[in-house]
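The sequence and coordinates come first, and the discussion follows.

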Amino acid sequence: MSSYLRIRDLSKKFGEFTALRDISLDVEDGEFVCFLGPSGCGKTTLLRAVAGLDLQTRGTIEQAGRDISALPIAERDFGIVFQSYALFPNLTIERNVAFGLENSGRSKAEIAARVSELLDLVGLADQRRKYPAQLSGGQQQRIALARAIATAPGLLLLDEPLSALDAKVRVHLRHQIKELQRKLGVTTVMVTHDQEEALSMADRIVVMNHGVIEQIGTPTEIYRQPKSLFVADFIGETNQLHATLAASGRFTLGNASLAGTTDGLAPGQPIVVTIRPEDIIPHAPGTAAAVSGGSLVEVIIGEMEFLGSFWRSRLSGTALGDEQLVADFSINAVRRLSLDEGAPLTIELPASRLIAFPAQNAPGDGARAG
Amino acid sequence: MPAEVLAAPEADLAKGRPVKARLGRDDLVMRGFMVVIALYLVIALALPLYVMLSKSFSTFRFDLTAYEFQVSDAEGSFAARPITAAELNERLRAVPPEDLATSGDGRLPATAFFPDFSFRSPVHYRIRGISEDAAFLIGSELFTGTAWQEVDSNTFRRVMLRPSRDIGFANYATYFSTPSLFQSIQNSLIIAAISTVITVALAFGFAYALTRSCMPLKGLFRLVALAPILVPSLLPGIALVYLFGNQGLLKALLFGETIYGPIGIVIGSVFFTFPHAMIIITTALAISDARLYEAAECLKASRWKIFWTVTVPGARYGLISAAFVVFNLVITDFGLPKVIGGQFNMLAVDIYKQVIGQQNFEMGAVVSVVLLIPAIFAFTVDRFVQKRQVASLSARSVPYQPKPSRRFDVLALGYCVLVAIFILGLLGICQFAALVKFWPYDLSLSLTNYAFDLMDGGGWDSYYNSIQMALLTAVAGTIVVFVGAYMVEKTKGFETGRSLFQLLAMLPMAVPGMVLGLAYIFFFNDPRNPLHFLYGTMAILVVCTVTHFYTVSHLTAMTALKQMDREFESVAASLKQPFHRLFRVVTVPVCLPTILDISIYLFVNAMTTVSAVVFLYAPTTTLASVAVLNMDDAGDIAPAAAMGMMILYTNAGARIVHLILSKGVLRRTQAWRFR
């Protein structure tokens with residue numbers, strides 16, 4: 001069986017500007033997929049093409065085996081939630097939710113029952129007679145969600161639904177939406193520029209940049225195995241070190257020779273090696289045995305910054321040459337190893353966490369969706 | 001080969017197949033509506049203007065060489081040789097050459113070339129054209145071509161030659177070589193400029209007092225300042241006649257100058273344009289940012305310096321905009337100079353004189369085109385400036401709150417009282433004159449001046465016609481304008497069509513009423529026009545008025561629609577709801593206050609407009625505003641004033657109804673606005 005949403009070779013041009021270039025993507029039935037990328041990367045354009053709001057220039061979109069590439073909005077099967085909520089201001093909450101149910105052959109009783117069910121689902125049954133302006137932003141967005149799923153569409157599209165909300169409300173609603181989606185099993189595509197949101201909600205993330213897909217994968221794949229420097233840099237925080245590839249799996253950095261992941265790179269090539277701050281393991285100075293078969297490097301702790309649940313430290317050392325490393329150490333480790341500014345330290349860089357990319361890796365030239 | 005060349009730039013995108021949108025039913029219906037309303041604007045505006053323009057380039061002349069006559073003997077046999085009209089004229093000098101130039105409606109009786117013609121004579125006449133396009137009438141039947149037409153003497157007196165048409169600048173040449181005509185350009189420009197300077201200065205002072213002082217009764221003064229909008233522009237003219245005319249109360253104040261002329265026009269223009277300038281400048285002053293004043297005060301700037309470095313620059317777009325709006329209103333106004341202009345010619349009155357007085361439609365068209373130029377110029381500048389004004393508005397601005405200052409507040413109050421006396425005084429004198437028996441000899445009160453049925457101008461029927469026309473205009477106009485604005489704002493794609501529509505919708509503001517009215521005569525009074533049946537009906541008055549006031553209504557509707565979330569339509573479509581349901585259930589209720597504003601605007605203007613409809617009314621569709629003009633023209637000045645005041649009271653009543661309705665509607669359908 002083929003996937004629920006099938007996008008093939010989709011391109012979109014606005015005049016001379018290419019917003020999307022040869023996008024191909026499959027979304028499985030019941031899956032929650034996030035389009036993630038910096039502003040202007042084309043993620044919203046892609047969503048709007050799927051919805052039929054802004055037609056693509058080229059390429060096909062199939063939904064449940066039906067070619068919807070050129071269909072008008074009304075002939076497609078989706079519910080949509082916008083950042084602005086787009087609730088009808090002059091209709092009560094109840095009537096907003098009922099809007100898509102009315103005028104569709106359902107009886108009054110049927111509609112009332114469905115509206116109650118939906119309002120229960122989003123936990124706002126007691127607000128039904130109020131107007132949108134009388135609700136908070138988070139509540140309004142939940143109503144918009146209820147309205148979007150009222151007609152039980154096959155596809156739910158969320159266009160930055162949480163961006164207009166306060167940080168606290170955002171986190172809360174994140175869980176609610178995810179839970180709701182799991183309960184209903186509706187295939188969902190969400191656009192966001194907030195990586196935390198994508199990582200916590202999505203089954204799979206589509207990372208986009210400059211109109212192309214950089215990588216598609218589960219949140220852990222995207223985070224642990226970035227396919228391009230752009231993805232490594234955009235998702236989470238990462239150290240970037242300039243190095244030279246010595247042989248497959250080994251490279252030189254400053255005067256250190258380190259083991260790392262160097263798939264598909266030719267020896268002698270200048271590379272950029274990445275490692276996340278939390279992947280750097282601290283050991284007592286002079287430790288000689290690595291825990292995970294990684295390389296050990298002697299460093300001096302520079303500045304330390306207390307960030308609540310961990311310490312962020314800047315590390316430098318002769319082995320690193322001119323480069324500096326940012327490492328996050330748990331409060332526990334800091335206490336155990338008595339880490340302090342100016343103190344020497346041995347760090348372990350696990351080979352599986354040191355990932356190399358070609359140095360002249362300009363954004364957009366990264367590995368294609370795989 | 002060419003195909004490959006074309007394909008090359010697309011090569012980088014060649015993978016997917018190109019997609020062409022399939023339009024849904026809603027898209028088609030919306031485009032359909034838009035096209036229909038655009039078509040309305042084309043028919044009600046673009047085509048008439050085009051016809052008028054082409055008229056202004058048309059000259060008409062009897063071409064005598066194009067006709068040939070033959071006269072029979074008493075027995076009816078044609079033995080004599082045919083002879084051209086030109087030959088006959090050369091021999092007889094029957095028609096002097098300057099009389100051969102005529103208008104599009106010109107007719108020259110064929111009998112002019114036969115001095116011994118008698119309709120009882122037994123001789124028969126033959127006439128034919130020498131060229132195919134020579135045209136003549138026998139009775140009401142039109143003949144062209146070279147076939148001989150034979151008629152008896154009795155019929156021959158009903159043979160009329162028709163002029164031939166030439167395209168060129170001859171009319172313009174005539175216009176600019178006739179000093180009495182082109183003098184009006186200078187007159188109009190000077191009067192408009194003087195009125196603009198005075199009005200803007202007065203209105204600025206008034207607006208400044210309203211926004212920057214803590215004087216009492218601001219609402220009342222605002223209301224008084226708006227009153228002139230409710231009356232036809234010629235009413236202040238009538239008031240000035242009573243005050244400063246030949247039998248005026250205050251004639252001595254003019255020191256021998258006459259009110260009939262520039263002085264009267266300027267004073268009247270200040271009166272009727274004052275509210276327009278006041279609204280614009282008040283808005284401009286009201287949006288100024290209090291933080292700038294605080295900053296200036298912290299820098300120890302003097303009041304005078306703050307005024308010139310903060311207040312005036314902040315309101316500069318408002319001032320410029322007000323100036324051009326006033327200029328445009330004055331230069332295109334017809335009613336006021338008609339009533340009080342005396343021998344002082346203005347462009348708009350020239351159109352009327354050429355058309356109604358001399359039946360010279362082509363020259364009327366030429367004057368119209370001349371008048372269009374400053375009007376379009378003023379309109380363009382105003383549009384440009386208004387855009388800048390909007391751009392300078394920031395959501396973060398803190399509105400300025402005036403602080404009480406006894407001396408300044410008293411000064412402001414005194415100034416506003418003076419302006420209010422000016423406005424209420426002119427209106428009051430009209431009402432007083434309307435109620436007295438015989439000005440200025442018998443000042444006892446009576447209602448004889450309200451017996452409109454005894455005067456020229458259509459009587460009370462005009463008043464009822466006006467109300468009917470204003471109601472129809474308000475209802476039909478609001479629907480057309482709002483639906484049009486909705487379609488052009490919400491239709492997806494179709495960029496060319498939409499920008500074309502916007503252009504059409506902006507055009508009416510640049511077209512003076514007189515020009516529009518004249519264009520309507522040319523367009524709708526042409527028997528070949530399938531819409532000819534509209535001519536002389538109430539419908540054409542409504543169409544003309546809706547079109548005349550289209551732009552402001554359209555812009556108001558657009559502003560309201562732009563404030564609606566852009567995604568409403570997308571949401572409705574995704575919920576499989578047709579756009580018209582969204583329109584009915586959401587758009588119209590949310591925009592209802594704006595819709596009511598548009599309808600009251602159209603109503604009030606339909607009640608007061610004179611310029612466009614003065615060419616278009618028929619005996620059964622006389623209007624109150626035109627009746628004021630005609631009664632004044634006929635010397636029934638007191639009844640004219642009485643009718644003018646009837647218009648004021650009607651409009652004031654309509655405003656009150658509008659206010660109550662708005663409040664009620666707001667309470668019922670806008671509950672969501674209040675938390």
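## Salt bridges across the chains

A salt bridge is defined here as a side-chain nitrogen of Lys or Arg within 4 Å of a carboxyl oxygen of Asp or Glu. Side chains of opposite charge can pair when their charged atoms come close. The model is a predicted one, in which local features require pLDDT of at least 70, side-chain atom pairs count only at pLDDT 80 or more, and totals for chains, interfaces and linings use all residues. Residues are numbered from 1 along each chain as its sequence is written, chains are lettered from A and ligands numbered from 1 in the order in which they are written, and side-chain values use heavy atoms, with hydrogens and water left out.

Over all chains, the structure holds 29 salt bridges. One of them joins Lys562(B) to Glu489(B), with an N to O distance of 3.1 Å. Lys562(B) belongs to helix α21 (residues 550–562) of chain B and Glu489(B) to helix α17 (residues 459–490) of chain B, so the pair ties together parts that are 73 residues apart in sequence. Helices (H or I, at least four residues) and strands (E, at least two) are DSSP runs, numbered from the N terminus. Lys562(B) counts as exposed at 54% relative accessibility, whereas Glu489(B) is buried at 18%. In these terms, buried means under 20% relative accessible area, exposed over 50%, and partly exposed in between (1.4 Å probe, protein chains only).

Helix α17 of chain B also contains Lys490(B), whose side chain meets that of Glu569(B) in a salt bridge at 4.0 Å, N to O. Glu569(B) lies in helix α22 (residues 568–574) of chain B, so this pair ties together parts that are 79 residues apart in sequence. Both Glu569(B) and Lys490(B) are buried.

In chain A, Arg129(A) forms a salt bridge with Glu94(A), and the closest N and O atoms are 3.0 Å apart. Arg129(A) is in the loop between α3 (108–121) and α4 (137–149) of chain A, while Glu94(A) is in helix α2 (residues 93–98) of chain A, so the pair ties together parts that are 35 residues apart in sequence. Arg129(A) is exposed, at 62% relative accessibility; Glu94(A) is buried, at 19%. A network of salt bridges links Arg48(A), Asp54(A), Arg566(B) and Glu567(B).

## Overall features of chain B

Chain B has 25 helices and 13 strands. Its C-alpha atoms fill a box of roughly 105 × 90 × 45 Å along the principal axes. Of its 675 residues, 53% count as buried. The accessible surface of chain B comes to about 31300 Å², and 65% of this belongs to carbon and sulfur atoms; accessible areas come from the Shrake-Rupley method with a 1.4 Å probe, and for residues only the protein chains shown count as cover.

Contact means heavy atoms within 4.5 Å. Among contacts in chain B between residues at least 6 apart in sequence, 78% join residues at least 24 apart.

## Sheets

Which strand order is found in the open sheet of 5 strands of chain A? The order is β13-β12-β11-β14-β20, with antiparallel pairing; two strands pair if DSSP finds at least two bridges between them. The edge strands are β13 (256–259) and β20 (355–358) of chain A, each pairing on one side only. Within this sheet, strand β11 (residues 239–247) of chain A is joined to strand β14 (residues 270–275) of chain A by 6 bridges. Ala243(A) has Ile271(A) in β14(A) as its bridge partner.

Chain B contains an open sheet of 3 strands in the order β4-β1-β11, also with antiparallel pairing. β4 (101–102) and β11 (164–167) of chain B stand at the edges with a single partner strand each, so one side of each is left without a neighbour in the sheet. Strand β1 (residues 58–61) of chain B is connected to β11(B) by 4 bridges, and Phe60(B) stands opposite Arg165(B) in β11(B).

## Buried residues in chain B

Val159(B) is found in strand β10 (residues 159–161) of chain B and is buried, with a relative accessible area of 0%. Not counting residues up to four places away in sequence, Val159(B) touches Leu108(B), Pro109(B), Ala110(B), Ile127(B), Phe136(B), Leu137(B), Ile138(B) and Val151(B).

Helix α11 (residues 303–314) of chain B has Ile306(B), Phe307(B), Val310(B), Thr311(B) and Val312(B) as its buried residues. These residues pack against α6, α9 (262–286), α10 (290–298) and α12 (316–332) of chain B.
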